[in-house]
Amino acid sequence: MPVPKYRTSASKRNMRRSHHALSTPGMSICPNCDEVKAPHVVCHACGHYKGQQVLEARQSNEAWDGAGLSETPSTAEKDTTSNESK
Ligand SMILES: [Zn+2]
C-alpha cells in the first residue's frame with residue numbers, strides 16, 4: 001500500500017481544506033402561503049407552483065416545520081418563478 005513520503009504540513013493541509021466549507025442553499029418564499037421553499041420547485045406546504053395548484057396540499061403535521069432554520073435567511077432570493085411569464 002502506497003504511503004506518503006512526507007507528512008503534510010499544516011499550511012498545505014489548511015490550503016486543501018479551504019474549499020471544504022458548505023454554503024447555505026438558496027431558498028425562496030412561496031407567494032401563495034409564504035412558506036420557505038426551494039426555488040423552481042413546487043411548494044410542499046400548499047402544492048402551488050406558478051400560481052397554480054399542481055399538488056394536493058399536505059396536512060399541516062406532515063409539512064416541514066422549518067427545523068434547523070431559526071429565522072428566514074436574509075440571503076433568500078426573490079422567487080423568480082413568478083417573473084417567468086411566457
Ligand atoms: Zn406554498
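This is a predicted model: local features need pLDDT of at least 70, side-chain atom pairs count only at pLDDT 80 or more; totals for chains, interfaces and linings use all residues.
Okay, so pLDDT is the predictor's confidence in each residue, on a scale from 0 to 100.

Now the layout. Confidence is highest in helix α1, residues 10-17, with a mean of 97. Strand β4, residues 52-53, is where confidence is lowest, at a mean of 85.

What about burial? Of the 86 residues in the protein, 5% are buried. And if you take the contacts between residues at least 6 apart in sequence, 36% of them join residues at least 24 apart.

Then there are two residues I'd like you to find on the backbone. Most residues other than glycine have a negative phi. D34 has a positive one, about 60°, and it is not a glycine. You'll find D34 in the loop between β1 (28-29) and β2 (36-37). Is D34 buried or exposed? D34 is exposed, because it has 12 other C-beta atoms within 10 Å, and the cut-off for exposed is 12 or fewer.

H40 is the other one: its phi is positive too, near 60°, and again this is a residue other than glycine. H40 lies in the loop between β2 and β3 (48-49). With 13 C-beta neighbours inside 10 Å, H40 counts as partly exposed.

Okay, that's my tour.

Notes:
Residues are numbered from 1 along each chain as its sequence is written. A residue is buried if 20 or more other C-beta atoms lie within 10 Å of its own, exposed if 12 or fewer, and partly exposed in between; C-beta atoms are placed from the backbone. Two residues are in contact if their C-beta atoms, placed from the backbone, lie within 7 Å. Helices (H or I, at least four residues) and strands (E, at least two) are DSSP runs, numbered from the N terminus.
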